[in-house]
Amino acid sequence: MTSEEAPAPRDIAVVAFAQTDHRRSTEESSEVEMLMPVLHEVLARTGLKTADIGFVCSGSSDYLAGRAFSFTLALDGVGAWPPVSESHVEMDGAWALYEAWTKLLTGDADTALVYSYGKCSPGSVRDVLTRQLDPYYVAPLWPDAVALAALQAQALVDAGHTDEPALAAVGARSRADAVANPHAQLKGRVPQGDYVVRPLRTGDCPPVGDGAAAVILAAGDRARELCERPAWIRGIDHRIEAHALGVRDLTDSPSARLAAARAGAFERPVDTAELHAPFSAQEVVLRRALRLDDGVCVNPSGGALAANPVMAAGLVRIGEAAARIHRGASDRALAHATSGPCLQQNLVAVLEGDPR
Amino acid sequence: MPEVLSAPLVLEFPFTRSLGPVQSAFLTGLRERVVLGVRTTDGRVLVPPVEYDPVTAEEIHDLVEVAPTGTVTTWAWNHAPRRGQPLATPFAWVLVRLDGADTALLHALDAPGPDAVRTGMRVRVRWAEERTGAITDIACFEPHDGEPAQPGDSTGAFADPLRGIVAPARLDYTYSPGRAQTAYIGALSARRIVGERCPSCRKVYVPPRGACPTCGLATAEQVEVGPRGTVTTFCIVNIKAKNLDIEVPYVYAHIALDGADLALHARIGGIPYDRVRMGLRVEPVWTEGARYPDHYRPTSEPDADYETYKELL
C-alpha cells in the first residue's frame, strides 16, 4: 500500500451574481420566464455559455407555487443541450451552492452555475411552510411561519435579549439600507404596523414576494480569468438542529455558531455579514451566535426583511456578500442562509477578496 | 398582450403515514387521555416523545406517563386563526412543558386575551370530545390554577394501538400559467394552435413554455401551426381512468402538427383503435364550448412518409 499526500484543496470563488427585482407578484411570468433573464445576466457577466459550465445546481420547492416538477421546467431556461451535468435540491439555493462547491472541490468541474427561485405569490406561504413540519405532532395544528417565529421572538423578549422597540429598529434599519438596493421589494420608511402574531408586527415580518437569483462559481485560475476580484470561499458549512421546537433553546443558534466555526468565521473578524433572518428577532439570535459586534456591517442589502423570495433569499445573501467583495466594498464577509422553522438549519460561508 | 390568465388551484391529499412504536404509543395514549413521554439515555423525559434520542441518535423506547398539567415556556398571541388551526377564536400558540417532562410541546392555549397569557403560567390539557389518536385529541390547553395533576402509571401498552394516521393536507393557490402559455390558451379559445419559435435554433414549440429547452433562450415569435398533423407514435389505453368518460381501449398519440418541431399528445378518435398507425394524418375535433380539441381524427390524406417525421419521434 502506498500513501498519497492529499492534494491541496482547490480555491473556489463566487465570480458572478445576478438577481431579479423581487416583487409581490410575477403572475405575468411562469417560473422559467421569471428565472431566465437572471441566468442570462449571470452568464453574460462572465462571458460564459451554458455549454462552458461544468456543473449546474438549483434549489426550489414545488410547494410554493403548487407546480409539480417545476424545477424540470425551470431547466428549460438553462438550455440543457448538449446534456448538462445537473442536480437540484428541494432547499434554498444556498444549499445548491454548497453542493456545487463540493463538486468543484472534487476537481470534476471548474465552473458551476447555481440558481434558485421562489414564487410565493400563487399560494399562502405562511401556510405552505407548515407542510415542512413534523407531520405527526406539529403539521396537523397548522402553525404558520409567523406564529413559530413569534414564539421565538417572545422567548427572546422573556430572556431579556430584545424588546419590541429593538425589533422594530431591526426592520427600520433593514428597509432604510434597502433604499440603495434596486432589487429590494420593501424599502424606505415602512410602518411597523399591527401585530401579525404577537409580539411580531408587520414590520418584523418579511414581505411576501417572488424572485430568483443565480451565482457562478469557478476554481483557481479560472476564477481569476472570469472575475477581476473573485470572492473566494474560505470556508462553508451547514448544520441542523432537532426538528422538535420544544427540544431546542429558541434564544440561541448552536447550529449557526458551529457552522460559522467550521467555516472559519471566528479566525479573523469579518467587515460585512449578510444574514438570512426573515424575521427581525432572528437577526438578534444570529448576531449573538455569530459574535457580530457593532463594527460589522450587517445586511447592507436590506436582507430578507426587504426581499424574501423563499428558496432564493439565502443564495441572495451569498451573492450580495460576494458582490460587495467584487466591487471592493468588502474584504472579508460572512454570508448566512437558513432553512426550517425558527432558524432550525443554518449555513455559513466566509468569503474573501484578494488583498488590494 | 392579453391579460394573464389565472385560476384557482387546490392541492389536497390525505397523507397516510405509518407510526413507529413510540409515536404509536403517544398518539394511542392521547386517544385514551394519557400523555406519554420517552426517557432518553441521560434520563430526560421528552414530550412529545420521539423514536430516537435527538442528542445521541440512540433508539429509545422507555415510555413514561406525564401529567396533563404544565407550564408555558413561550407563547405568541394569534388574533386571527387560520384554517386548520386548533381553535377558531383568537388564541395563544404555546410551548408547554408538562409536569414530569423536560421538553415542551407545541399547541394552542384558549385564553381570553393576550393580557391573560404569560411565560411561566400554569395550564392543563383540554381533551377533545371525540378522540382518534392524533395530536388534535388535545383540543387545546386552558389556564390552570390548581396543583399539578398526578400522572398515572401507563407504560404505553394499550388495547388496539394505532398503526398509522391519515393526515389530510390542503393548500390553495391561484395558478397563473405565465406569458407564453397564456397566449397559447388564448389562441386555443379561438380554435387556433399557436406555438413559439426559438430565435436561435428556429424550432417551433407547441405548446410553448416560454423558453427553448435546447438553447435556454426566450421564445417570443408566435407561429400558428396545424391544424393537421401526423401521428409520430402512440399507445393503446386499456384501463379506464377514474372520472373519465371514454370507452377503452382507445389510442393516445404523439402528434406532430404541421409546422411544429415538437409533438404534442392527444387522444385519437374516429377510427378503430387497432387501425391507428405511425404516419397517420389527423386533424383536431372541437366540441362546442371547449377550450381545446376534444380529440384528433383521421383526415383522408395518405399517410406521411417516415422521413418527414422521424426527427420528431
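Reader: Across which strands of chain A does helix α1 (residues 31-46) of chain A lie, and at about what angle does it run to β7(A)?

Author: In this predicted model, helix α1 of chain A lies across β1, β4 and β7 of chain A, and its direction is at about 30° to that of β7(A).

Reader: How should I read the sheet to which these strands belong, and in what order do its strands come?

Author: As a general idea, strands of a sheet pair through backbone hydrogen bonds, either parallel or antiparallel. Here 10 strands of chain A form an open sheet with mixed pairing, in the order β3-β2-β4-β7-β1-β8-β12-β11-β9-β10. Its edge strands are β3 (86-89) and β10 (297-298) of chain A, each of which pairs on one side only.

Reader: Which strands pair with β7(A), and over how many bridges?

Author: Strand β1 (residues 12-19) of chain A pairs with β7(A) in the antiparallel sense over 7 bridges, and Gln19(A) stands opposite Ala213(A) of β7(A). Strand β4 (residues 111-119) of chain A also runs antiparallel to β7(A), the two being joined by 9 bridges, with Ala112(A) standing opposite Leu217(A).

Reader: Is strand β7 of chain A enclosed by the rest of the structure or open to the outside, and why?

Author: Strand β7 (residues 210-219) of chain A is largely enclosed by the rest of the structure, because 10 of its 10 residues are buried.

Reader: Which residues touch the most other members of the largest nonpolar core?

Author: That core holds 204 residues, and those touching the most other members are Val14(A), Val114(A), Val215(A), Leu217(A), Leu351(A) and Leu109(B). Helix α6 (residues 145-158) of chain A gives the most to this core, with 11 residues.

Reader: How is chain A divided into domains, and how many residues of each are in contact?

Author: Chain A is divided into domain 1 (12-123 + 209-226) and domain 2 (125-206 + 232-351), whose C-alpha centres lie 22 Å apart. Between them, 35 residues of domain 1 of chain A are in contact with 29 residues of domain 2 of chain A. On the domain 1 side of this contact, β1, α2 (62-65), α4 (93-105), β4 and β7 of chain A each supply at least two residues, and α4(A) gives the most, with 6 residues. The residues of that side divide into 18 nonpolar, 12 polar and 5 charged.

Reader: How many residues of chain B are in contact with chain A, and which elements of chain B give two or more of them?

Author: The contact involves 57 residues of chain B and 49 residues of chain A. The elements of chain B that give two or more residues include β1 (7-18), β5 (69-78), β10 (164-175) and α2 (178-188), and the largest share, 8 residues, comes from β10(B). By kind, the residues on the chain B side divide into 33 nonpolar, 18 polar and 6 charged.

Reader: Why is helix α1 of chain B said to be largely enclosed, and what covers its buried residues?

Author: Helix α1 (residues 21-31) of chain B is largely enclosed by the rest of the structure because 9 of its 11 residues are buried, including Val22(B), Phe26(B), Leu27(B) and Leu30(B). What covers the buried residues of α1(B) includes β2 (35-39), β4 (62-66), β9 (138-143) and β10 of chain B. After this helix comes Arg33(B), whose phi is positive, near 60°.

Terms used. Residues are numbered from 1 along each chain as its sequence is written. Chains are lettered from A and ligands numbered from 1 in the order in which they are written. This is a predicted model: local features need pLDDT of at least 70, side-chain atom pairs count only at pLDDT 80 or more; totals for chains, interfaces and linings use all residues. A residue is buried if 20 or more other C-beta atoms lie within 10 Å of its own, exposed if 12 or fewer, and partly exposed in between; C-beta atoms are placed from the backbone. Helices (H or I, at least four residues) and strands (E, at least two) are DSSP runs, numbered from the N terminus. Two strands pair if DSSP finds at least two bridges between them. Two residues are in contact if their C-beta atoms, placed from the backbone, lie within 7 Å. Ala, Val, Leu, Ile, Met, Phe, Trp, Tyr, Cys and Pro count as nonpolar, Asp, Glu, Lys and Arg as charged, and the others, Gly among them, as polar. A nonpolar core is a set of buried Ala, Val, Leu, Ile, Met, Phe, Trp, Tyr and Cys residues joined through C-beta atoms within 7 Å. Axes are lines fitted to C-alpha atoms, for helices over the stretch in contact, and angles run from 0 to 180 degrees between N-to-C directions. Domain bounds come from an automatic or database domain assignment.
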